[in-house]
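Morning, everyone. Please have the sequence and the structure open on your screens, and I will go through a few places in turn.

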Amino acid sequence: MRVFSGIQPSGPAHLGNYLGAFRQWVDVQSPDAFYCVVDLHALTLEIAPDVLRAQTTDLLATLMASGLDPEICTIFIQSQVPYHAQLSWLLECVATSGELSRMTAFKEKSQRQEGYRVGLLTYPVLMAADILLYETEEVPVGDDQRQHLELTRDVAEKFNHRFGETFRLPVGTQPKVAARVMDLQEPTRKMSKSISSPLGKLYMFDSPADIEKKIAKAVTDNDGEVRFDWIKKPGVSNLLEIYSSLSGETPQQVASRYTRYGELKSDLAELIIKTLAPLKQRRDELLESPEDLYRVAARGADKAAAVAGAVYRRAATAMGLT
Ligand code: TYM
């Protein structure tokens, strides 16, 4: 099963990335799986060059600390495989501004940048290129990427229709729980690297004290009942879903064991700390030799380019490039 997925180095990974994405990636890793730090996508945000570089390195270490094994799957950096940007241009000449300006992520982010950059609009086309270059069958992602996945399929279909069968149509897969981890302060919006407030997002490698603080201060409600109900109790339901994703129980089972928010919160903080502590240690060790990380990425880029190059050439030829 050919698998592809990616993460933007727009900040350190948070709990949503871990539960919604990385754990699925580890579950389905194989020699046919490609995982990518999408640094070109991060350029759509205001980000200093040295910060971008450091965050890219950090995410390579984070992915491996989370359980991705470069001896099993391919881990690489998007900008080191030039076909991504090249195919993106070809697909920009297929996608329309109408379909791109309908994307929720674009609408949200463009409101925050006055005179938004063009890359923010064409962002999902680059994402489509990422996926289509690998003849991907499955894309393990969180719930927030569904719309981008649909666009990828639409663009691929349009291309195939106009230029002949070229791309395989991928499907997105989401975990059963924690596909959409919510902001701890605003539980009706997703936890986001770029948008959430400092207390709203829990980084994978926050200190135990910060994890305890952020969970303790997580917004709940006033009725005091521990119950799983996304409509009436989004804050509590978010905590229950995070808990369930870490313990393997259902959110309802977790809820049935608690009568007080305080106890639920302190047990949850402990569970998060216990789960992430060994990963933090591994990530810190990996960061001690960044040259090894970059060797892994360079080897990954070679493997990726061998697959992506063939697909790119097929697409370019189909469009009439010589
Ligand atoms: P990004 O960098 O925002 O997030 C990386 C992965 O984490 C998931 N995720 C979440 N899951 C659950 N709850 C959350 N609050 C949460 N926040 C993020 C995302 O769904 C994602 O799976 N556009 C993509 C990056 C990308 C990509 C690709 C993904 C570029 N090209 C090709 C898949 C395939 C993004 O910004 O993800």
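**Aromatic pairs and one threonine**

One aromatic cluster is formed by Phe-4, Phe-34, Phe-76 and Tyr-134. Keep in mind that this is a predicted model.

Searching the whole structure gives 12 aromatic pairs. One of them is Phe-4 with Tyr-134, a stacked pair with 5.1 Å from centre to centre and 15° between the planes. Where in the chain do Phe-4 and Tyr-134 sit? Phe-4 is in strand β1, residues 3–7, and Tyr-134 is in the loop between α7 and β4, so the pair links distant parts of the chain, 130 residues apart. Phe-4 and Tyr-134 are both buried.

Now a second pair, Phe-22 and Trp-25. Their ring centres are 5.3 Å apart and their planes meet at 55°, so this pair counts as tilted. Both residues belong to helix α1, residues 15–27, and because they are three residues apart, about one helical turn separates them. Phe-22 and Trp-25 are buried as well.

Last, Thr-136. You will find Thr-136 in the loop between α7 (118–132) and β4 (138–140). Is Thr-136 buried or exposed? Its relative accessibility is 0%, and buried means under 20%, so Thr-136 counts as buried.

What lies around Thr-136? A polar atom of the Thr-136 side chain is 2.7 Å from the backbone oxygen of Ile-131. If we leave aside neighbours within four places in sequence, the contacts of Thr-136 are Arg-2, Val-3, Phe-4, Ile-131, Arg-168, Leu-169 and Pro-170. Phe-4, from the stacked pair, is thus among the contacts of Thr-136.

Key
Residues numbered from 1 in each chain as written. Predicted model: local features only at pLDDT ≥ 70, side-chain atom pairs only at ≥ 80, totals over all residues. Heavy atoms only, no water. Helix = DSSP H or I, 4+ residues; strand = E, 2+ residues; numbered from the N terminus. Buried < 20%, exposed > 50% of the residue type's maximum accessible area, 1.4 Å probe, protein only. Polar contact = N/O pair within 3.5 Å; in protein donor to acceptor, adjacent residues only side chain to side chain. Contact = heavy atoms within 4.5 Å. Phe/Tyr/Trp six-rings, centres within 6.5 Å; stacked < 30°, edge-to-face > 60°.
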